[in-house]
Amino acid sequence: LRALDAVRDRAGQPQASWLPMRFPPVAAILLPALTNFEHQNMNALLLALIAAATWQMTLGFATAAGILVGIATALKIFPAFLILYFVARRYWTAAMAAIVSTIVLSVAPLVIYGAGFTDLVKTFWRLGNSGWPIRGNNQSLIAALDRLTLGLASAKVDAAGVRDAAAAPLTLALCAACAFLLFAALVVVISRTPRRPRSIPCEMAMVTTLAILCSPIAWDHYWLIMFPAFVIAYDASDAKLLGRAGSWAFWSAAILTTGLS
C-alpha cells in the first residue's frame, strides 16, 4: 500500500484510502492466511520480504530491494523469478544485490553445519528429483491442469492415492505449454512498455504471481503471497484502469481463493 501511494503521488492521483484498500484484499486471503499459520509455514515472512522489496524499489533503493529479494530466494527458491525480472528490466544493482545475498545466505549454513552441510545438499537434491504430488490441495498450475484432464492422462496413483507429476505426461506437456505462454506474455509486456518506477509495484506483483503459479508445489497457504496482486486488482476497479472489469476480476478471484475453499 505504501508503494502504491508513492506511485499515485508521482502520477498526480489521489492517495488510496487505506481502510477500504486493506479490508477486501485481506478478506480475499483469509483462508490462505489461516492455513499458513496452521501449517507453521513461512509465507507470511516471504510476503513481508517481497512487499518490502517492492516498496524499496519504488523509492529507488535498489540495493535494499535486492537484498530483501535475496533473503526471500534463500528461504524458498521461487522468489528468484524477481531476480530474473530485475535482469530483464536492467535493474542491475538490484539484480547483483539479490544474487550475492542469495549465494551468501545459501552457503552460510556451512558455518553452522560444517561437513553435515554436504549431507543436507544431497538430501535436498534427492528430494528435489523424487517427483512432486499433484493431489487436490496442490494449487499450482500443473495440479490445476491435472484436475482438468483427469481421465485423459495415464497417470498412476500410489498406495496413498497420490498422483505423481512424472506419471502424467499429458499434464506435463500442457503445463509446459501454458508456462511458455505465460512467460511469453510477460516478456512481451516488459519489452513493449518503458521502464518506469511507477510500474514497479504492478510488475513485481505480476512476476510473483507467475512464480507461484509455475512452482510445481503450491499449497493453499501459498496464496497468502498473492496479497499484492489482490491489492492491485482491487485498485484497478478505478474507472481510469479496468473499471467494472477490475471489480469482477477481483471478487471472482477472492471467492475462489477463500470463499469456495
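This briefing describes the helices, packing, cores and selected loop residues of the structure above.

The model is predicted, so local features need pLDDT of at least 70 and side-chain atom pairs count only at pLDDT 80 or more, whereas totals for chains, interfaces and linings use all residues. Residues are numbered from 1 along each chain as its sequence is written, and side-chain values use heavy atoms, with hydrogens and water left out. The chain has 14 helices and 0 strands; helices are DSSP runs of H or I with at least four residues, strands are runs of E with at least two, and both are numbered from the N terminus. Buried residues make up 40% of the 261 residues in the chain; buried denotes under 20% relative accessible area, exposed over 50%, and partly exposed the range in between, with a 1.4 Å probe and protein chains only.

**Contacts along the chain**

- Of the contacts between residues at least 6 apart in sequence, 66% join residues at least 24 apart; contact means heavy atoms within 4.5 Å.

**Helix 4 with helix 12**

- The axes of helix 4 (residues 43–59) and helix 12 (residues 200–214) come within 9 Å and cross at roughly 150°. Axes are lines fitted to C-alpha atoms, for helices over the stretch in contact, and angles run from 0 to 180 degrees between N-to-C directions.
- This angle makes helix 4 roughly antiparallel to helix 12; angles over 145 degrees count as roughly antiparallel, under 35 as roughly parallel, 65 to 115 as roughly perpendicular, and the rest as oblique.
- The crossing of helix 4 and helix 12 is right-handed: right-handed applies if the near helix is turned clockwise from the far one by less than a right angle, and left-handed if anticlockwise.
- Ile-50, Ala-53, Thr-54, Met-57 and Thr-58 in helix 4 meet Ile-200, Pro-201, Met-204 and Thr-208 in helix 12.
- By class, this contact of helix 4 with helix 12 has 6 nonpolar, 3 polar and no charged residues. Ala, Val, Leu, Ile, Met, Phe, Trp, Tyr, Cys and Pro count as nonpolar, Asp, Glu, Lys and Arg as charged, and the others, Gly among them, as polar.

**Helix 1 with helix 4**

- Helix 1 (residues 2–10) and helix 4 have axes that come within 8 Å and cross at roughly 25°, which makes helix 1 roughly parallel to helix 4.
- The crossing of helix 1 and helix 4 is left-handed.
- Arg-2, Ala-3, Ala-6, Val-7 and Arg-10 of helix 1 and Thr-54, Trp-55, Thr-58 and Leu-59 of helix 4 make the contact.

**Nonpolar cores**

- Met-57, Tyr-85, Phe-86 and Met-204 touch the most other members of the largest nonpolar core, which has 46 residues. A nonpolar core is a set of buried Ala, Val, Leu, Ile, Met, Phe, Trp, Tyr and Cys residues joined through side-chain atoms within 4.5 Å.
- Helix 12 gives the largest share of this core, 7 residues.
- Apart from this core lies another, of 8 residues, among them Ile-142, Ala-143, Leu-145 and Ala-165.

**Loop residues**

- Arg-195, in the loop between helix 11 and helix 12, is partly exposed, with a relative accessible area of 43%.
- Arg-195 and Arg-89 are 106 residues apart in sequence and 6.8 Å apart in space, C-alpha to C-alpha.
- Gln-40, in the loop between helix 3 and helix 4, has a positive phi of about 55° although it is not a glycine.
- Arg-90, in the loop between helix 6 and helix 7, has a positive phi of about 60°.
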